[in-house]
Amino acid sequence: MDIAVILGVVLGVVAVVGGMIAKGANVAVLVNPAAIIIIFVGTFASLLNSFPMKEVKKLPTLFGIIFKEQKLTEPKVIIQQMTDMAQQARREGLLSLEASIDKLEEPFLRNGIRLIVDGQGEDFVRELLEAEIAAMEERHRVGAQIFTSAGSYAPTLGVLGAVIGLIGALGNLNDVNKLGTMIAAAFVATLFGIFTGYVLWHPFATKLKRKSSEEVKLKTMMLEGILSIQVGSSPIQIREKMMIHLTQAERAALEKEGNV
């Protein structure tokens, strides 16, 4: 589980409930079926109107990605694998890597090494692997866009919910006590809309983009290493090329560990 997301959602709820209690508001007003229907069903309806069904169907998978801890191979492991294969290729030839292909856990790396062992041209390998990265980025972009859109629709639906609530309240002008309760309840939809938009949906989109960015960076490193092995670069050159994709802090940590 991604502890940061769980903690963020819980803290968001605590902030709203705690704020209401501090302000002396009745927390029980949050149990408002009409507001829940307007915001959650309305947001889902807006997504159906915005995206093809095949993309909306991916929502359960996207929630799984958001709440699940991303498990990517550590960059230092990839760099070590690439430098080891570069040494082997320079010493015994590219074909000697064939025996190592099935031992590679990363499908992208396995496919890239298989292509160069099969004797495919450098341009073909680059175009194919870059296209694979681009396709993955596009899939991730669409997933993030769904949550970005939901984050835009929800606050506006909150205004709609407030309007509907006020219409109901104005129909009870003769009962002053009931009128106050209904006006308060009318703004619950606005609260839900703003909360879900800016505490859930927009941040979820950002989380998906961050996870996508990490995966793209790792695959780009692999691509650089695969092509360098193909042209016969030295292990030191390959290591330096791959480390360009790391931050200064990550490079310093790797050099300190002395594993590469």
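**Exercise 1. Contacts and overall form**

Task: Determine what share of the contacts between residues at least 6 apart in sequence joins residues at least 24 apart, and describe the overall form of the protein.

Solution. 
1. Among contacts between residues at least 6 apart in sequence, 74% link residues at least 24 apart. The structure examined here is a predicted model.
2. The secondary structure consists of 12 helices and 0 strands.
3. The radius of gyration is 26 Å, whereas the globule rule gives 18 Å for 260 residues; the protein is therefore more spread out than a compact globule.
4. Along the principal axes, the C-alpha atoms occupy a box of roughly 90 × 40 × 25 Å.
5. Of the 260 residues, 38% count as buried. The protein exposes about 14500 Å², of which carbon and sulfur atoms supply 62%.

**Exercise 2. The nonpolar cores**

Task: Identify the elements that give two or more residues to the largest nonpolar core, and trace the contacts of M85.

Solution. 
1. The largest nonpolar core comprises 32 residues, and those with the most contacts inside it are M82, M85, L109, I113, I226 and I229.
2. Two or more residues each come from α5 (75–92), α7 (107–117), α8 (122–170), α10 (188–230) and α11 (235–243). The most is given by α10, with 8 residues.
3. Leaving aside residues up to four places away in sequence, M85 touches L97, L104, L109, I113 and I229.
4. A second, separate core has 18 residues, including V5, I66, A144 and F195.

**Exercise 3. Helix α5**

Task: Compare the reach of α5 with its expected span, and list its buried residues.

Solution. 
1. The 18 residues of α5 reach 25 Å from first C-alpha to last, close to the 26 Å expected at 1.5 Å a residue.
2. Its buried residues are P75, I78, I79, M82, T83, M85, A86, Q88 and A89.
3. Just after α5, G93 adopts a positive phi of about 95°.

**Exercise 4. Two contrasting residues**

Task: Decide whether N49 is buried or exposed, and whether S233 is buried or exposed.

Solution. 
1. N49 belongs to helix α2 (residues 33–50). Its relative accessible area is 71%; exposed means over 50%, so N49 is exposed.
2. The C-alpha atoms of N49 and L11 are separated by 32 Å, and these residues are 38 apart along the chain.
3. S233 sits in the loop between α10 and α11. Its relative accessibility is 11%; buried means under 20%, so S233 counts as buried.
4. Not counting residues up to four places away in sequence, S233 touches A86, R90, S228, I238 and K241. One of these, A86, is among the buried residues of α5.

**Exercise 5. Database annotations on the model**

Task: Locate the spans that UniProt annotates as "transmembrane region" and as "domain: MotA/TolQ/ExbB proton channel", and describe their secondary structure.

Solution. 
1. An unreviewed UniProt entry gives "transmembrane region" for residues 29–48, 146–170 and 182–201.
2. Residues 146–170 are 100% helix and 0% strand, and their end C-alpha atoms lie 36 Å apart.
3. Residues 182–201 are 95% helix and 0% strand, with end C-alpha atoms 28 Å apart.
4. The unreviewed UniProt entry lists "domain: MotA/TolQ/ExbB proton channel" at residues 102–218. In the model, this span is 87% helix and 0% strand, and its end C-alpha atoms lie 20 Å apart.

Notes: Residues are numbered from 1 along each chain as its sequence is written. This is a predicted model: local features need pLDDT of at least 70, side-chain atom pairs count only at pLDDT 80 or more; totals for chains, interfaces and linings use all residues. Side-chain values use heavy atoms; hydrogens and water are left out. A nonpolar core is a set of buried Ala, Val, Leu, Ile, Met, Phe, Trp, Tyr and Cys residues joined through side-chain atoms within 4.5 Å. Buried means under 20% relative accessible area, exposed over 50%, partly exposed in between (1.4 Å probe, protein chains only). Helices (H or I, at least four residues) and strands (E, at least two) are DSSP runs, numbered from the N terminus. Contact means heavy atoms within 4.5 Å. UniProt positions are given in the numbering used here, feature names are shortened, and annotations may be inferred rather than shown by experiment. The expected span of a helix is 1.5 Å times one less than its number of residues. The radius of gyration is taken over C-alpha atoms; the globule rule is 2.2 Å times the number of residues to the power 0.38. Accessible areas come from the Shrake-Rupley method with a 1.4 Å probe; for residues, only the protein chains shown count as cover.
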